[in-house]
Amino acid sequence: MSEQDVPEVESVEAFRDRAGSWLDAHAPRRSTDRQDVAEQQVTGARGRDPIAAAKRFQAELFEAGLTGLRWPRAYGGRELTLAHEIAFAAAAAPFDLPTGFVFSITFGMCGPTVLAHGTEQQKRRYIEPMLRGAQIWCQLFSEPGAGSDLAAIRTSAVRDGDHWVVNGQKVWSSGAHYSDFGLLLARTAPELPKHRGLTMFVVDMRRPGLTIRPLRQMNGAEHFNEVFFDDLRIPADSVVGEVNDGWRTAITTLMNERVALGGGADSDRQAGVENLFRLARAAGRYDDPVVRDRLARTYIEHSIVGLIGQRVRDAALRGVAPGPEGSIGKLATARSDKGLAALAADLGGARIAAWDDSGRDCTVWTDLLLSVPARSIAGGTDEVQKNIVGDRVLGLPREHEPGRHGPFRDRTAGPETAGQ
Ligand SMILES: Cc1cc2nc3c(=O)[nH]c(=O)nc-3n(C[C@H](O)[C@H](O)[C@H](O)COP(=O)(O)OP(=O)(O)OC[C@H]3O[C@@H](n4cnc5c(N)ncnc54)[C@H](O)[C@@H]3O)c2cc1C
């Protein structure tokens with residue numbers, strides 16, 4: 001089916017059937033075999049070009065009318081409902097879409113932010129190319145001295161004629177090394193209080209004055225980067241939202257991020273639990289009462305996470321803006337994933353605790369074990385999520401932060417408390 005043949009109005013059932021048939025013909029099936037998954041990860045990372053494959057697949061999704069489901073038609077979206085989006089996720093569950101992690105920030109955070117706060121010109125310039133797979137985006141927020149306390153960022157942008165000149169450094173910028181554009185949060189008015197002197201910009205990641213240095217993680221992957229700005233000049237029409245009102249724009253990005261991380265794919269979670277059961281059988285421990293108790297506990301925790309995700313999606317179905325339930329979902333996901341990894345490590349023993357490229361089965365579980373601590377950090381740490389829940393759900397008093405309302409430039413450079 002080409003773009004011209006995509007029906008304008010489509011019932012959820014018809015859409016689900018069409019999406020299922022299209023994916024059957026175009027997408028690789030998700031393997032339930034842990035070894036196949038390991039193989040795919042290894043060949044995907046080393047043998048082929050996963051970024052080019054993701055861009056090609058995204059272009060095909062666009063032609064088939066299977067992307068941008070709730071985004072406005074004026075910018076290339078389908079303007080369907082959340083029920084269609086949920087139907088697509090269900091149809092896609094048995095498949096391993098090449099777009100996966102590569103486009104997650106583009107569609108989960110940056111696209112929604114440009115749609116909510118961008119100018120008409122920005123929406124026309126960026127949204128359809130994202131949907132067509134021509135642009136991958138990244139999030140340039142965290143800095144060496146500002147993560148939990150994001151509003152303490154020090155990267156500066158100073159107006160110079162019809163440009164802004166940017167200096168400073170970002171860190172943990174996921175996918176910056178293969179991104180085409182980034183959403184950059186910078187300080188434009190140090191004389192204002194810390195939350196009020198920030199501005200959001202779109203940055204072309206290939207401009208002179210911008211240097212990207214990948215960081216190697218303990219699981220061997222290079223997922224995120226340091227990004228340096230040395231007199232980077234960006235055009236004045238790159239501001240997203242209002243000058244000095246970047247905190248409001250950033251909140252949109254962060255709320256979408258928490259919902260994406262906390263309301264995430266049930267299919268991945270189910271596959272993880274099923275593989276754990278398989279591992280217990282292979283290790284000859286499936287009938288061990290203590291192991292069975294832990295397996296049951298893992299199953300229950302993952303089911304609860306699934307229900308929290310469902311609650312997040314249901315709230316969205318009713319048109320409720322993303323709120324603190326994203327934080328609850330994110331906390332629960334991190335906790336249950338860590339439990340799963342710990343049990344896998346106990347079952348697999350020493351061969352899981354050490355990296356060994358020759359043992360394919362070990363590679364996947366080792367990778368999980370080494371990656372899972374990041375779930376309590378990425379998108380806001382567990383402690384910060386708990387602060388948000390305490391503040392907005394339980395109604396506890398906000399954390400005390402001296403100097404919060406004074407000029408940012410009067411603050412010392414030392415560590416500060418989270419104000420997100
Ligand atoms: C896999 C991964 C991907 C990421 N991708 C991106 C990205 O694409 N773009 C981006 O901009 N950033 C990204 N990040 C950065 C992430 O948002 C930050 O790491 C996170 O917000 C924590 O900030 P920090 O690392 O500076 O830790 P810090 O803020 O220095 O925190 C250190 C410790 O102190 C605790 N702490 C801090 N303040 C408080 C408080 N008020 N109360 C209680 N405890 C507190 C924290 O919980 C933590 O345990 C990524 C991180 C990871 C792990």
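**Contacts, ligand shell and fold**

Tutor: In this predicted model, Trp172 touches Ser142, Leu215, Phe224 and Asn225, when residues up to four places away in sequence are not counted.

Student: In which strand is Trp172 found?

Tutor: The C-alpha atoms of Trp172 and Leu140 are separated by 8.4 Å, although the two residues are 32 apart along the chain. Trp172 is also among the residues closest to the ligand. The element that holds Trp172 is strand S3.

Student: Is Lys170 buried or exposed?

Tutor: Lys170 has its place in strand S3, which covers residues 163-174. Its relative accessible area is 0%, and a residue counts as buried under 20%. Lys170 is therefore buried.

Student: Which backbone oxygen does the side chain of Lys170 reach?

Tutor: Leaving aside neighbours within four places in sequence, Lys170 is in contact with residues including Leu140, Phe141, Ser142 and Glu143. Further contacts of Lys170 include Asn225, Glu226 and Val227. At 2.9 Å, the side chain of Lys170 reaches the backbone oxygen of Phe141.

Student: Which element gives the most residues to the shell around the ligand?

Tutor: The ligand is surrounded by 18 residues, and the closest are Ser148, Trp172, Ser174, Thr381 and Glu383. S3 and helix H13 (382-393) each supply at least two residues of this shell. The element that gives the most, with three residues, is S3.

Student: How many residues of the shell around the ligand are nonpolar, polar and charged?

Tutor: The shell is sorted here by residue class, with Gly placed among the polar residues. For the shell around the ligand, the count is seven nonpolar, nine polar and two charged residues.

Student: How much of the area of the ligand does the protein bury?

Tutor: An oxygen atom of the ligand is 3.0 Å from a polar backbone atom of Phe141, and an oxygen atom of the ligand is 2.6 Å from an N or O atom in the side chain of Ser148. A nitrogen atom of the ligand lies 3.1 Å from an N or O atom in the side chain of Glu399. Taken alone, the ligand exposes 980 Å², and the share of this area that the protein buries is 71%.

Student: What is the reach of helix H10 from its first C-alpha to its last?

Tutor: Helix H10 spans residues 325-348 and has 24 residues. At 1.5 Å a residue, 34 Å is expected, and the helix comes close to that value. Just after H10, Gly349 takes a positive phi of about 70°. From first C-alpha to last, H10 reaches 34 Å.

Student: Is Gly339 buried or partly exposed?

Tutor: Gly339 lies in helix H10. The relative accessibility of Gly339 is 30%, and the class between 20% and 50% applies, so Gly339 counts as partly exposed.

Student: Where does Asn244 lie, and what is its relative accessible area?

Tutor: Asn244 has a positive phi of about 70° although it is not a glycine. Its place is in the loop between strand S8 (239-240) and helix H7 (246-262). Asn244 is partly exposed, with a relative accessible area of 25%.

Student: In which loop does Glu79 lie?

Tutor: Glu79 is a residue other than glycine with a positive phi, near 55°. The loop that holds Glu79 runs between helix H3 (50-63) and helix H4 (82-92).

Student: What percentage of the residues in the protein chain is buried?

Tutor: The protein chain has 13 helices and eight strands. Among contacts between residues at least 6 apart in sequence, 73% join residues at least 24 apart. The chain exposes about 19,900 Å², of which carbon and sulfur atoms supply 54%. Of the 420 residues in the protein chain, the buried ones make up 47%.

Terms used
Residues are numbered from 1 along each chain as its sequence is written. This is a predicted model: local features need pLDDT of at least 70, side-chain atom pairs count only at pLDDT 80 or more; totals for chains, interfaces and linings use all residues. Side-chain values use heavy atoms; hydrogens and water are left out. Helices (H or I, at least four residues) and strands (E, at least two) are DSSP runs, numbered from the N terminus. The expected span of a helix is 1.5 Å times one less than its number of residues. Buried means under 20% relative accessible area, exposed over 50%, partly exposed in between (1.4 Å probe, protein chains only). A polar contact is a pair of N or O atoms within 3.5 Å; within protein, one must be able to donate a hydrogen and the other to accept it, and residues adjacent in sequence count only if both atoms are side-chain atoms. Contact means heavy atoms within 4.5 Å. A residue is near a molecule or strand if one of its heavy atoms lies within 4 Å of it. Accessible areas come from the Shrake-Rupley method with a 1.4 Å probe; for residues, only the protein chains shown count as cover.
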